[in-house]
Amino acid sequence: MPKDTSIRKILVIGSGPIVIGQGCEFDYSGVQACKALREEGYTVVLVNSNPATIMTDPEFAHRTYIEPITPEVVEKIIAREKPDALLPTLGGQTALNTSMSLFKSGVLDKYNVKMIGANADAIDKGENRLRFKDAMLKIGLDVPLSGVAHTMEEGRAVAERIGKFPLIIRPAFTLGGQGGGIAYNREELEEIVFRGLDLSPVSEVLIEESLLGWKEYEMEVMRDHADNCVVVCSIENLDPMGVHTGDSITVAPIQTLSDREYQIMRDASFAIIREIGVETGGSNIQFATDPKTGRMIVIEMNPRVSRSSALASKATGFPIAKIAAKLAVGYTLDEIRNDITRETPASFEPTIDYVVTKIPRFTFEKFPKANPVLTTAMKSVGEAMAIGRTFKESMQKALRSLETSRWGFGFDPKDPEAPTHADIERKLRVPNAERIFWLQTAFVTGWTMEQVFEVTQIDPWFLGHLKQIADEGLDIPNHSGEKVIASIPEAERTPERIAEELSSRMRRWKKLGFSDRQLARAFDTTEDLIRAGRKKYGIIPTYRLVDTCAAEFEAYTPYFYSTYGDENEARQSDKKKIIILGGGPNRIGQGIEFDYCCVHAAFALKELGYETIMVNSNPETVSTDYDTSDKLFFEPLTLEDVLNICDQEQPHGVIVQFGGQTPLNLAADLKRHGVPIIGTSPESIELAEDRKHFSALLDRINLRQAEAGTATNEQEAVEIAARIGYPVLVRPS
């Protein structure tokens, strides 16, 4: 089916400011959509209020309005621009709600603007809790026992009808589960229902039976005008039901379903997207299964691109937002070429031969009064993603990508000292940001898998793999060089045999995802010595391609992840190479603005003829799109991982100044290892970042500054504060 030539001008609505539940993933999807529509010859008009986004740069839309995303403002833009169509599904909940308001108020009819991607009825059917429930029952799919309430009285009546606590409350048309929660008693019910009704733009909440402890899954599905459907990616939550999927550790592809169970869920996904009426584009559909009985129920559906869509795109290499935009203007999946293989069409379902792990990033330390318990309302501010050949390798890489001073699955200085059984049980039983690390604590202190499952309800498949990491980590100190050599019969202690024994152990640990820092701690040595020993015995990572097809077809886009295998798919060129270090997961104080800088650095260096190489671990960003730079390494931003990439690529220079604090902290060590840092030098970075050095600089150039002092311990800090006089402002270097 050719593109729709009756459309000439399309209005794209962005997502506005970054808030919890709606982050830079919508900048990524907006950029892809604008590029795709311009490529097809359409005039693109964009409205967004976030100046830190790539999509608001002049080259992505023909006209860009930096304006509030409200129905009143967007109506004025429609009146002025007179677009033929409105694309509402790529700007998150903000764009969806604004578009629905414009439809209901008659603005779209008044100016003869049609919705593309998803029509108003499909959006309402997917977002309206009662209509969605009725639709699922109509097609024979199971849903939780539930009821919809628009007032507190109706809420009490629904709870009475269900007849038991706990209850799950889900407001309609809100972002990231905002306003929802789990009520364990009548008092909590009334508190959450009141909040949910207030935050829902349609004053509606769904109250449903508790599914706490059930397994949760997601399907990222696409459909075109000809009713072709594909599953782009299947995702499994490590945390059981009760934790918002944005706050849960997730793994792709699904690990714990049989093929028969997966096919049932796949068929159900296609039935749902057809019944809801999403004619073109992507949708995220969430399921739960009872681990005891196998009963499968439908939780909810997002009839739009979501955070999970960005994750699915980066996990598979399948550009969901770009293809959704092309489907919206009339193309079918079989008419759109896969950019990565250049052979297969978009109707070819992605197949992946690796494991992807996403871990949310929390910043509760910034808000000490915030409730750190994870529920159905989202609280994470970002996420990190890692790719490995196994779940164990992928998990350890993802944990060290969080940039929370953790080196993997524990075995680092932040491991708790002598925790009691009660401490561990409390941290395991109540979902919290640190629970994954307390799983390690439980296993190394003797908890069995059965005991851990009893208090967490995390699937035994995951617990088994995590316990293997913990058991190996405990055993590593027993394999120091001296002990390994001593274990070899004296007559067989040849240099070759010693090298074989040492390298086989090191390779095993690296395949399990252990970082050099974890190994250095186990052997009471330095990371540099571990690295040197590893390289001496040829234990270096290889790089594999993300190709959407499990290597069935050649991949043309150099999008890599590291592993410790035999085959290295990294490609070399004669061009001068520049590596740009990204910002890692979003958190308070380091967000989308640094991705903006990294992306523009890549664009500028490309224009100058350099081969650009991006290193980042954030799946929400434009910088980790496969076509932003010449090469993409989806890797943790740690010294070990960046040095490995530098060894592989031998860059002309590495730029650390655009990715925020994360790459700045690596600058001095990278230079110490001979990596050419270009742009701002490590010495200048230290001069600006170190409070003591910066203060001395101001004194030297005779600039006035507030009276201050630098402390490296509590006693020094108290003495300096007494000298200056209270109140004092404390700033870490």
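A salt bridge joins the side chains of E275 and K138, with N and O 3.4 Å apart. The structure is a predicted model. E275 is buried at a relative accessible area of 17%, whereas K138 is exposed at 64%.

**Other salt bridges**

- The count of salt bridges comes to 52.
- K215 pairs with D459, and their closest N and O atoms are 3.0 Å apart.
- K510 and D516 form a salt bridge with closest N and O atoms 2.9 Å apart, and both residues are buried.
- A network of salt bridges links R406, D412, D415 and E434.

**Helix packing**

- Helix α5 (residues 120-127) packs against helix α6 (residues 129-138) at about 90°, with the axes 5 Å apart, so the two are roughly perpendicular.
- Residues in this contact include D121 and K125 of α5, and R131 and F132 of α6.
- Helix α12 (residues 391-401) and helix α16 (residues 460-475) cross at roughly 70°, their axes coming within 10 Å, which makes α12 roughly perpendicular to α16.
- Among the residues that meet there are F391 and M395 in α12, and W461 and F462 in α16.

**Surface**

- V718, I724, Y726, V728 and V730 make a nonpolar surface patch of about 480 Å².
- V718 sits in helix α27 (residues 714-724) and is partly exposed, at a relative accessible area of 42%.

Notes
Residues are numbered from 1 along each chain as its sequence is written. This is a predicted model: local features need pLDDT of at least 70, side-chain atom pairs count only at pLDDT 80 or more; totals for chains, interfaces and linings use all residues. Side-chain values use heavy atoms; hydrogens and water are left out. Patches are made of residues with over 30% relative accessible area and no salt bridge: like charges are joined within 9 Å, nonpolar side chains (Val, Leu, Ile, Met, Phe, Trp, Tyr) within 5 Å. Accessible areas come from the Shrake-Rupley method with a 1.4 Å probe; for residues, only the protein chains shown count as cover. A salt bridge is a side-chain nitrogen of Lys or Arg within 4 Å of a carboxyl oxygen of Asp or Glu. Helices (H or I, at least four residues) and strands (E, at least two) are DSSP runs, numbered from the N terminus. Buried means under 20% relative accessible area, exposed over 50%, partly exposed in between (1.4 Å probe, protein chains only). Axes are lines fitted to C-alpha atoms, for helices over the stretch in contact, and angles run from 0 to 180 degrees between N-to-C directions. Angles under 35 degrees count as roughly parallel, over 145 as roughly antiparallel, 65 to 115 as roughly perpendicular and the rest as oblique. Contact means heavy atoms within 4.5 Å.
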